[in-house]
Amino acid sequence: MNKIKMFFSSLIKKDSTKTVVTSLWCALIGLLLGFVILLCINAKDAAYGMSSVLGNFLIFKTPTDRWNYFGQTLAKTAPLIAMSLSILVSYKCGLFNLGASGQYSIAVLVISFLGYGANLPWWIVMILAMLAASLWALISGVLKAFFNVNEVISGIMLNWIALYLVNGILTSSPSVWDSSHSEAQRITSESNAFIPSIGLDKLFSGNQIVGLGMILILVVVAIIYILFKKTTIGYEIKATGLNGDAANYAGINKVKNILIVTAISGALAGLAASLNIQNGFTSWRLSSAVPSIGFQGISAAFLGGLHPIGIVFSSFFIQHITDGGSMITDLGFAPEVASIMTSVIIYLSGFVAFALQVIHKNEIKAELEKLSRDKEVKQ
Amino acid sequence: MIIVLSTITFLLAYVCILTITALGGMFSEKSGTVALALEGCMTIGALCAGIVMHLLPDSMPNGLAALIVILVALISGGLYSLLLAVASITFKANQTLAGTALNILSTALAVVLIKQVTKSEALPVGQSRLNYTRFYEIFNVSFFGIKDVKFNWLILIVLALIPIVYFVIYKSKYGLRLASCGENPSSADSVGINVAKTRYIGILLSGILAGFGGLFLLSTSAEWEFANGANGIGFLALAVLIFGQWKPLYIFLGAFIFSLFKTLSVVYPSINFLANLGISSYFYLALPYIVCLVVLVFTSKKNTGPKALGTPYDKGKR
C-alpha cells in the first residue's frame, strides 16, 4: 500500500507529469474559449455543436459509422504525428521548421508523379518523397549553416516558392491533374502506390485508408525517441540546440548537426505527405494558401510537450477536434472554430514553461518553510 | 499610358503596404521581440476594418466613414499585438511559437467572423469573401481627373509617416531606449529604463502599424478572401525588415525591390516581351519570394540585428 502511495507521490513530483497537467489545462481553456465563441454565434445549437467537436466520430448512431470515422481520424493522425516530429527534431537543435509546409508540398509533387503517374510500389514512392522533401529542407539548412540566413524567414519564403512551384507544375501536367475537381488525381486502392491496409481496414468497418501507415508512424516515433534518449548524435543535436557556441567549443560540429537535423525534419515532413496522400484520402488541391498541416504540426508538437510520446496523444487530440469541427458546418458554424481552439491552445502552451517555473518556485518555497519550521520545533 | 499609370499606382501601393508593416515590425524587433505576428496583426486589422465597412450605414458621410474604418484598423491591430506582448514579455513564452499561434488564430477568427457577418449571402463552403465596393471607391480616387486610373490616398498617409518614424527611432528619447532594450536589456535596466514597458510599447506600435497595413491591403481591391489571411504580405514585410537591416531607409528600399517583382506578376501579361516568353504565371508569382531569398543570402552573413532579439528579459540573469 505504502509502495503505491510512494509511486503516486513521486509521479506527481515528476516534471513530465507537471508538463502533462499544464498541457491539459491549456487544452481545457482552449476548448472553453471555443465554446464561448459557439455560444456567441448561435446560442441555441452551441451545446450540440460543442458535443460534435468533442465527440467527433461518437456522434454517429451506428457502430459501423463510428468505427469507420474513428479509423479515419486515426489515419489522419498519422501524418500529423510525422509533421510534429519534424518540428520536434528541428526544435531540439534550436531551429524552428516553419518551412515544413513547403517540404510537404514538394513531397506531394513527387508522389503525384511517381505514385499516380508512374505507379511505382508504395515504399519506393514513400522513400523518394521523403528524399525530395529532405533536399528541399536542406536549402534552408545550407542557408542557415553557411550564410547565417534565419531559418524561419527562409522557411516561409520556401513555403511560398514550393506552393507556386507545385501549383504550376501540377496544373500544367494533364496526366496527373484532374481539372474538373481542380486537384491532383488521387491514388486508388488498386494502385501500387497505395499503402496496404494489411487487414486493419476490417477493424474499422472496411475503411481502407487505415493501414500500414499507422504502424509505420509508431515505429518512427520509437526511432526518434531512441535517437534523443540513447544515441550520441541525438545528444549532440540537443547540445547544439541548448547552446551552439558551447557545443562547438566542446568539439561538436554545429554545421554538421544543423544539416543533419534539417535533412531529418524534411524527411519527416515528406513522410507526412506520403501518409496523407498514399492512402487515397486526399491529394493536392489548387490553393492560393500554403498547406496548413505544417502549422498544425507546430501545434501538436508544442501541445505534446516536445516529447515523441506526448506528440502521439496531442496529434490525435488535435485531429479529433479538427474532424469534429468539420461536422458542425450543418449547424451553420464555420469548421474553423476548431482551428480557433487549437491556436488558442498553442498560444497558451507557450506559457507552460512559465507555469512550471512558478510551480517549481512554490515548491522550493514550501520546502524551505517546512525546513525552517522543523528547525524551530527542534529548538 | 493608362497601363503605365495604373502600374505605378499599384507599385506605390505595395511599396507603402510593405514599408509601413515592416516599419511596424521594426519597433517590435528593435525592442527585442521577434515580429512574426505581423501577418496576424494585418489580418485582424483588415478583418475588423472590413466588418465595420460592412456594418456602417450607407448614409454616413464618406470622410467620417473612412476615418472610423482607419481608427478601427489601428486599434484592433494594436490590441491584437498585445496578446504577443503578454505572452513574450510577461510570460516569457517562446516568441516564434506565440507569433505562429496568433497568425493561425487570426485567419481562423477571420473566417468564422466573416461567415457570421455575411450569413445572409450564403457563401459556398470554404469561402469567406467580403465585398466592400463603396469603401474601395472612397479610398481609391480618380487620378488627376483620369477616369480609369485610381489613386489610393492612403499612400499619402504612409509617405507622411515615414519621416515621423525615422525621427522617433533615431532622434527621440523613446527610440534610443527602445534600441537599448533590444541590444542589451540588462544595462538598459541598470540605468533605470523599464524594459518591460518599453517592449510593450514597441510591440503595441508594431501592431498599430501592421493593422494599418492590413487595412491598406484591403483597400487595394473591392473584395477580399479572408481564408488566406493577409496573403503572406506580413511575412514578406518581416523579410523586408531583415534585409533592410532594421533601418527605415533600407526598409523602404527593400520594400521597393519586392514590390517591383510583385507588380511584375500582375502586369506581365500586358508587357508583350514578357508575355511572349511563355513562362508560367506561377513563376512570376514565386519570383518576389525567390528574389527575397537570394537577397537574404547576401545580407545575412553579417548579423546586424538587435542582439537580444528573441530572448525574454530575465532580471535574474543580470
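Q: What would the radius of gyration of a compact globule be with 379 residues, and what does chain A have?
A: A compact globule with 379 residues would be near 21 Å, and chain A has 23 Å, which agrees. The radius is taken over C-alpha atoms, and the globule rule is 2.2 Å times the number of residues to the power 0.38.

Q: Before we go on, where does the model come from, and how do the labels work?
A: This is a predicted model, where local features need pLDDT of at least 70, side-chain atom pairs count only at pLDDT 80 or more, and totals for chains, interfaces and linings use all residues. Residues are numbered from 1 along each chain as its sequence is written, with chains lettered from A and ligands numbered from 1 in the order in which they are written.

Q: OK, what does the C-alpha trace of chain A span?
A: About 90 × 60 × 40 Å along its principal axes.

Q: And how many helices and strands are in chain A?
A: Chain A has 15 helices and two strands. Those are DSSP runs numbered from the N terminus: helices are H or I with at least four residues, strands are E with at least two.

Q: How many of the residues of chain A count as buried?
A: 51% of the 379. Buried is 20 or more other C-beta atoms within 10 Å of a residue's own, exposed is 12 or fewer, and partly exposed is in between, with C-beta atoms placed from the backbone.

Q: What about the largest nonpolar core, how many residues has it?
A: It has 221 residues, and A107(A), A133(A), L18(B), A239(B) and V240(B) have the most contacts inside it. Helix α4 (residues 63-92) of chain A gives the most to this core, with 14 residues. A nonpolar core here is a set of buried Ala, Val, Leu, Ile, Met, Phe, Trp, Tyr and Cys residues joined through C-beta atoms within 7 Å.

Q: What is L18(B) in contact with?
A: Setting aside neighbours within four places in sequence, L18(B) is in contact with I233(B), L236(B), A237(B), V240(B), A255(B), F258(B) and S259(B). Contact is C-beta atoms, placed from the backbone, within 7 Å.

Q: Switching to the two chains: how many residues of chain A are in contact with chain B?
A: 38 residues of chain A, and they are in contact with 42 of chain B. On the chain A side, α7(A) gives the most, with 11 residues.

Q: How do the residues on that side of chain A divide?
A: 26 nonpolar, 11 polar and one charged. Ala, Val, Leu, Ile, Met, Phe, Trp, Tyr, Cys and Pro count as nonpolar, Asp, Glu, Lys and Arg as charged, and the others, Gly among them, as polar.
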